[in-house]
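Reader: Could we go through this one together, beginning with the charged side chains and then turning to how the helices pack?

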Amino acid sequence: MESVIDRAFAAALYGDGDDGLDTGASLLAAAPDADADLRRRGEEYLRRAWRHGWQPADVMRLVRRDLDDPHVRLTADLIREETARYAHLPPRWPAQLADLAPEGESARGRDRFTRATTHLQLYRLLLRLPPIEPAGPPPGDTVPGPVHGEPRTLTRIRALLAKAEATGYPEEAEALTAKAQELMARHSLDEALLAARTHAKDVPAACRIGVDAPYETAKAILLDVVAAANHCRAVWNEAYGFSTVVGFESDLESVELLHTSLLVQGTAAMTKAEAGQRAAGRKRTKTFRQAFLLAYANRIGGRLAEAGEHAVREAAGEGAEGPAAGDASALLPVLAARDVAVTDRAEQMFPETTTTRVRGVTDAEGWNHGTAAADRAHVTPRGRGPALP
C-alpha cells in the first residue's frame with residue numbers, strides 16, 4: 001500500500017503545474033505522522049545531489065536564485081542535518097557549511113499546508129538536478145589527510161587584498177592588489193619547484209566559484225582572466241551560475257582570493273563612477289554597468305599577466321627570494337609540465353566546450369571608467385567570452 005509520502009510525491013514532484021503541488025501539500029498537511037519521513041526524503045535527495053557532483057554551495061546558489069527565503073532556510077537546515085552524519089567532509093565543504101543561512105525552522109509560524117508546499121517545491125528542484133562534473137570527492141569518499149596551517153604567503157595575500165578593498169585611495173588599492181598578485185605568482189612558482197624536487201604526486205584539482213547575476217558574462221570573464229593569470233582554466237556553466245576552475249591547489253586558492261577581492265573593488269569603483277554620472281543627469285544605468293565591468297575585466301587581465309611575468313623574471317634570477325629564486329633552468333620545464341597537466345585535466349572534465357560571444361559595448365563612458373578603474377587597482381581577447389561546457 002502506498003504511503004502518504006509516496007502519493008504526495010507522485011502528485012507534486014513530476015509535473016510543472018500548481019495543481020499537483022496543491023494535492024501533495026494537502027495530503028501531507030493532513031498527515032502529521034509523516035513529518036519525520038518528509039525530512040528524511042529531503043536528505044536522500046541531497047545525498048543523490050552529492051553523488052551527482054553537486055556541493056552545498058551549488059545547491060544553495062540555485063535555491064536562492066529560483067525559490068524564496070523559506071526554501072533557502074529549509075535547504076540550509078537539511079544540508080546541516082545530512083552532512084552531520086559524515087565523520088569527514090571534503091576539503092572545501094566546511095567553509096561552505098559555515099556560509100549557510102542561520103539555523104532555524106524554515107517555515108516557523110506557517111500553517112501545515114504552506115510548510116508542506118515549501119518542502120515539495122524544494123524537493124522538485126532537487127529531484128531535477130542533473131549530474132555535473134565533480135569538482136572533488138563526495139562526502140564519504142574523503143580520506144583524511146594531514147592538517148596543515150595556511151602558508152604564511154597566503155596570510156600576507158589575504159591581508160593585502162583586505163587593505164585594497166578597504167582603502168578609499170585608488171592608487172593605494174592598485175599597489176596593494178599588484179603586490180598581492182606578485183606574491184601569488186611567486187607562491188605558485190615555489191610550490192611548483194618544491195613539488196618537482198620532492199617528486200610529490202601533485203595533480204590538478206578543481207573548485208567551483210559562483211557567478212551571479214546581474215552582469216554575469218562580465219563577471220565570468222573577470223574570473224576567466226584571473227584564472228589564466230594564475231595558471232588555471234575556468235569553464236563557465238551559465239545555466240547553473242558557476243564556473244569550474246581547474247588548476248593546482250595553491251593556484252586555486254589564489255584564484256578564489258583574488259577574484260573575490262577584484263569583484264569587491266570593481267563593484268565599489270563602479271558604484272562611485274555611476275554616482276558621478278547620475279549627478280550629471282545620466283540615467284542609462286544598465287548599459288553603463290555592463291560596459292564598466294567588461295572593460296574592467298578586459299584590462300585586469302593585462303595587469304595580472306604583467307604581474308605574473310614580473311614574478312617569473314625575478315624567480316629566474318632577478319632578485320627573488322624563496323625556493324624558486326635563481327632556478328631558471330628548472331623553472332620553465334616545471335611550469336610547462338604543470339600547464340599541460342592543467343589543460344589535460346580540464347579537457348578530461350569538459351571534453352566539449354564552446355565560447356560565448358559578448359554583445360558589443362554601447363556605452364563609451366562605462367568602458368572608459370571601467371578601464372580606468374582597472375588601471376588603478378589582456379588575457380581573454382576582446383569580444384570573446386569564457387569557455388562554456
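**Salt bridges and a helix crossing**

Author: With a relative accessibility of 26%, R289 counts as partly exposed, a class that lies between buried (under 20% relative accessible area) and exposed (over 50%), using a 1.4 Å probe and protein chains only. The model is predicted, so local features need pLDDT of at least 70 and side-chain atom pairs count only at pLDDT 80 or more, while totals for chains, interfaces and linings use all residues. Residues are numbered from 1 along each chain as its sequence is written, and side-chain values use heavy atoms, with hydrogens and water left out.

Reader: Which residue does R289 meet in a salt bridge?

Author: The partner of R289 is E274, with 2.8 Å from N to O; a salt bridge here is a side-chain nitrogen of Lys or Arg within 4 Å of a carboxyl oxygen of Asp or Glu. The pair links distant parts of the chain, 15 residues apart, with E274 in helix α11 (residues 249-279) and R289 in helix α12 (residues 285-315); helices are DSSP runs of H or I with at least four residues, numbered from the N terminus.

Reader: And E274, buried or exposed?

Author: E274 is buried, its relative accessible area being 7%.

Reader: How many salt bridges does the count come to?

Author: The count is 16 salt bridges. Among them is the one between R47 and E82, at 3.5 Å from N to O. This pair also links distant parts of the chain, since R47 is in helix α3 (residues 35-51) and E82 in helix α5 (residues 69-83), 35 residues apart. E82 counts as buried because its relative accessibility is 0%.

Reader: What about R61, which residue is its salt-bridge partner?

Author: R61 pairs with D58, and their closest N and O atoms are 3.3 Å apart. Both lie in helix α4 (residues 56-66), three residues apart, about one turn of the helix. R61 counts as buried at 15% relative accessibility, and D58 counts as buried at 2%.

Reader: Switching to packing: at roughly what angle do the axes of α2 and α7 cross?

Author: The axes of α2 (residues 18-29) and α7 (residues 112-127) cross at roughly 125° and come within 8 Å; these axes are lines fitted to C-alpha atoms over the stretch in contact, and angles run from 0 to 180 degrees between N-to-C directions. The two helices are therefore oblique to each other, the class left after roughly parallel (under 35 degrees), roughly antiparallel (over 145) and roughly perpendicular (65 to 115).
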